[in-house]
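Student: I'd like a close look at one part of this protein, the aromatic rings. Please go on from there to what lies around them.

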Amino acid sequence: MNPPEEDPGAPEPRIGPVPEKKPAFRPYHHPAAGWGAAKSVTRFLAKERELIDGPRAIAKMNHENGGFDCPGCAWPDDIKGLKLDICENGIKHVTWEMTRKRVGREFFAAHSVSELSGWSDFRLEDQGRLTEPMVYDPESDHYEPISWKDAFELVGRTLRGLDSPHQASFYTSGRLGNEATFLYQLWARELGTNNLPDCSNMCHEASGRALQAALGTGKGTCDLKDWESADALFIMGVNAASNAPRMLTALAEAYRRGAQVVHVNPLVEAAATRTIIPHDIADMAMFKSTRTSTLNLQVRIGGDMAFLRGVAKAVLKQAETDPKALDREFIDRYTDGFDAYRALCEATGWDEIERQSGLSRDAVLAAARVYGEADRSIISWCLGVTQHDHGVDTIREIVNVLLLRGNLGREGAGPSPVRGHSNVQGNRTCGINHRPPEEFLDRLADACGIEPPREHGLDTVGTIRAMHDGDVKVFVGMGGNFALAAPDTPYTYEALRNCDLTVQVSTKLNRSHLVHGRAALILPCLGRTEKDEQRAGLQSTSVEDSMSMVHLSVGMKRPASRHLLSEPAIIAGMARATLPGSSTPWEWYVEDYDRIRDSMARVVEGFEDCNRRVRLPLGFRIRQPARELVFLTESGRAEFSTAPLPDVVPEPGTLALGTMRSHDQWNTTIYSDDDRYRGITNLRTLVFMNKDDMRERGVEEFDPVDITSTARDGSRRRVEGYLAVPYDIPRGCAAGYMPEMNVLCALVDYSTQSDQPLMKHVKVTITPSG
């Protein structure tokens with residue numbers, strides 16, 4: 001891989017652990033989860049020496065009445081009170097946080113930033129938990145201890161010295177709890193800016209904008225009860241076995257009760273074949289697997305919208321002879337724009353649908369039959385649908401298809417986006433939004449006595465560009481690993497280094513601590529698994545899952561260091577130092593998080609009376625007006641859209657490349673160089689290719705290749721020596737791991753509809769190395 005631009009003399013960083021064995025590829029043919037997951041978890045617990053605390057944590061994870069919420073994915077807790085509502089990746093995530101290893105002042109004294117910059121990202125995080133606040137010393141090139149008071153004062157002094165509050169940007173990872181989220185946005189807005197980028201800007205921004213335009217709500221309308229009663233589930237652009245493993249339970253149960261399960265994805269992932277659910281003891285004992293699909297369609301990268309248009313076209317054609325194919329009563333009563341959409345479908349030829357989707361007409365018609373015969377259907381999707389230039393149009397096409405048969409506002413039906421990190425949806429609900437609604441700002445002003453700014457702020461792409469240009473001088477990151485998660489790695493590195501101050505609130509050492517501004521702070525915080533003791537006693541935080549359920553999380557483990565502060569306490573400390581004359585009771589809020597929730601109840605729509613409701617069994621569900629057939633659109637109806645199909649067919653000689661995670665990875669945290677479900681061992685710098693595309697380029701298995709991307713402005717980016725792996729993927733498509741391939745994703749290549757980086761649709765050429 002070409003090295004990002006580092007400080008002079010700094011070694012080239014390597015992403016991922018150094019392989020100890022020769023890379024291998026053996027296609028995976030086993031069930032997802034099951035004994036493979038159990039074996040992997042046992043090995044991981046032993047490696048981390050957490051054979052006692054690990055199982056204790058498992059017994060508390062995702063449980064009501066004193067349990068803590070998994071800091072991994074946002075899949076909802078089981079509504080039946082399942083005792084083992086856990087998964088392999090969740091256990092790894094928790095164990096990774098609970099490690100006994102520590103990174104204190106002795107570590108930083110022994111290792112300079114230049115030295116650490118040459119370490120792999122696996123090795124950095126594997127050093128363990130951060131234990132005290134640290135400040136960068138440019139003279140020695142080391143991080144040194146700093147008191148919390150002095151750290152807060154450095155933040156406050158720097159922010160007070162800015163010419164404009166818009167010269168600061170406040171980034172949020174999806175793990176931040178609702179209470180900390182609310183204080184964070186309050187601090188930024190009292191300072192005077194809406195520069196509140198978050199990980200949604202890179203992942204599901206398209207989902208929110210599409211659903212808002214079509215239905216008047218930025219969220220899905222389904223809950224787990226709907227998944228349990230749907231006749232058909234369409235799963236699009238989702239690698240559930242790795243990204244939302246607890247979904248496997250819902251898929252297996254759907255198959256058992258006779259529901260149709262259709263997976264639409266360029267790769268046939270393990271979750272789209274069969275599974276053994278670990279808490280099904282009898283199935284585990286008998287090695288009995290359950291299918292998780294009834295139909296798999298390998299759409300080309302970016303071809304989902306054409307597939308959906310084909311389904312709609314087939315349904316409309318059937319309605320010419322079978323009036324029951326459409327729900328005309330629903331369409332006439334609740335929707336707007338149907339006639340224009342019908343005309344668009346009729347004008348779209350099957351040749352174009354086949355060309356753009358990469359599917360045959362018969363394959364699309366097979367899916368249309370499933371949809372037409374199902375009384376209640378759910379369409380679910382993830383980043384394989386959103387991270388495209390036309391992501392908003394595709395999700396609106398999902399809504400179009402659902403509206404044709406009235407699959408909205410009734411049990412077992414509706415749109416259901418699969419969010420990623422555990423509280424990414426709660427972050428947006430509680431105010432992390434660079435384009436905040438006026439109604440939210442009005443309530444914030446009334447409840448908190450501030451005058452929030454009204455102009456839109458910067459999102460993730462805008463923040464990177466502004467830092468690079470010198471227009472943003474202070475970057476604050478609440479969790480995550482921004483330097484690795486963002487696109488266009490060298491450009492992002494330059495942008496961060498151009499800041500006057502970077503502040504990273506973290507639990508473990510990562511790349512973002514080494515790619516820093518002229519001044520830099522590392523502020524260590526409590527993890528989700530740890531007890532949060534404040535003046536009023538043990539505190540709980542609330543989180544919102546991907547289906548709008550809000551519930552409490554209470555840590556169970558002693559903090560990794562007595563010097564750690566909670567995220568609300570860190571935010572309050574920085575806010576007080578920044579706004580010394582503020583009338584906001586920052587310290588009072590931190591004493592008792594119920595006080596924060598009382599303010600949230602006055603500001604956040606759907607959080608009314610939340611202190612009582614959040615303590616109910618399983619918490620409470622935020623009302624979704626569209627679920628009740630109340631559409632907060634300009635017309636007061638659900639809106640059909642009429643976007644033309646995009647041209648997603650690669651030009652001759654080029655391929656469409658999508659970045660993705662391996663199975664042994666969570667976001668930018670890499671646990672090993674293995675990817676069990678794709679049959680990969682000891683390798684991350686690879687590219688999955690169609691065998692015919694490999695043959696056309698004279699490439700054999702494990703041959704080194706060079707990959708060059710071409711951005712819309714004509715600029716090029718390149719990685720060298722990646723190993724080619726033959727895989728079952730459509731011709732013209734390729735795939736590889738993030739963050740290794742983020743260097744290929746140009747910052748200028750972002751969606752004009754959602755401003756999301758196009759990480760699932762990079763235009764590349766692949767040639768043999770040398």
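Student: Which residues do ring pairs link into a cluster?

Tutor: Ring pairs join Phe 107, Phe 108, Trp 119, Tyr 136 and Tyr 143 into a cluster. First, a caution: this is a predicted model, where local features need pLDDT of at least 70, side-chain atom pairs count only at pLDDT 80 or more, and totals for chains, interfaces and linings use all residues. Residues are numbered from 1 along each chain as its sequence is written, and side-chain values use heavy atoms, with hydrogens and water left out.

What counts as a pair? Rings of Phe, Tyr and Trp (its six-membered ring) pair if their centres lie within 6.5 Å; planes under 30 degrees apart are stacked, over 60 edge-to-face, and the rest tilted. By this rule there are 25 aromatic pairs.

Take Tyr 334 and Phe 631. Their ring centres are 6.5 Å apart and their planes meet at 70 degrees, so the pair is edge-to-face. Tyr 334 is in helix H15 (residues 328–334), while Phe 631 is in the loop between strand E23 (620–621) and strand E24 (638–639). The two residues are 297 apart in the chain. Helices (H or I, at least four residues) and strands (E, at least two) are DSSP runs, numbered from the N terminus. Both Tyr 334 and Phe 631 are buried. Buried means under 20% relative accessible area, exposed over 50%, and partly exposed in between (1.4 Å probe, protein chains only).

Now a stacked pair: Tyr 341 and Phe 640. Their centres are 5.5 Å apart, with 25 degrees between the planes. Tyr 341 lies in helix H16 (residues 338–347) and Phe 640 in the loop between E24 and strand E25 (655–660), so the pair ties together parts 299 residues apart in sequence. Tyr 341 and Phe 640 are buried.

Rings also meet charges. A charge sits over a ring if NZ of Lys or CZ of Arg is within 6 Å of the ring centre and within 35 degrees of the ring normal. Lys 508 lies over the face of Trp 96, 3.8 Å from the ring centre. The charged end of Arg 405 sits over the ring of Tyr 371, 6.0 Å from its centre.

Tyr 371 takes us to helix H18 (residues 361–373). Among the buried residues of H18 are Tyr 371, Val 370 and Gly 372.

E25 leads on to a barrel. Six strands close in the order E25-E32-E29-E31-E30-E33, with mixed pairing. Two strands pair if DSSP finds at least two bridges between them. Strands E30 (residues 704–710) and E33 (residues 762–768) run antiparallel, joined by five bridges. Ser 709 stands opposite Val 764 in E33.

Finally, the cysteines. A disulfide is a pair of cysteine sulfur atoms within 2.5 Å. The whole structure has zero disulfides. For Cys 222, the nearest cysteine sulfur is that of Cys 382, 15 Å away. The closest cysteine sulfur to that of Cys 382 is in Cys 203, at 7.9 Å, too far for a bond. Cys 222 is buried at 1% relative accessibility, and Cys 382 is buried at 8%.

Note on methods
The expected span of a helix is 1.5 Å times one less than its number of residues.
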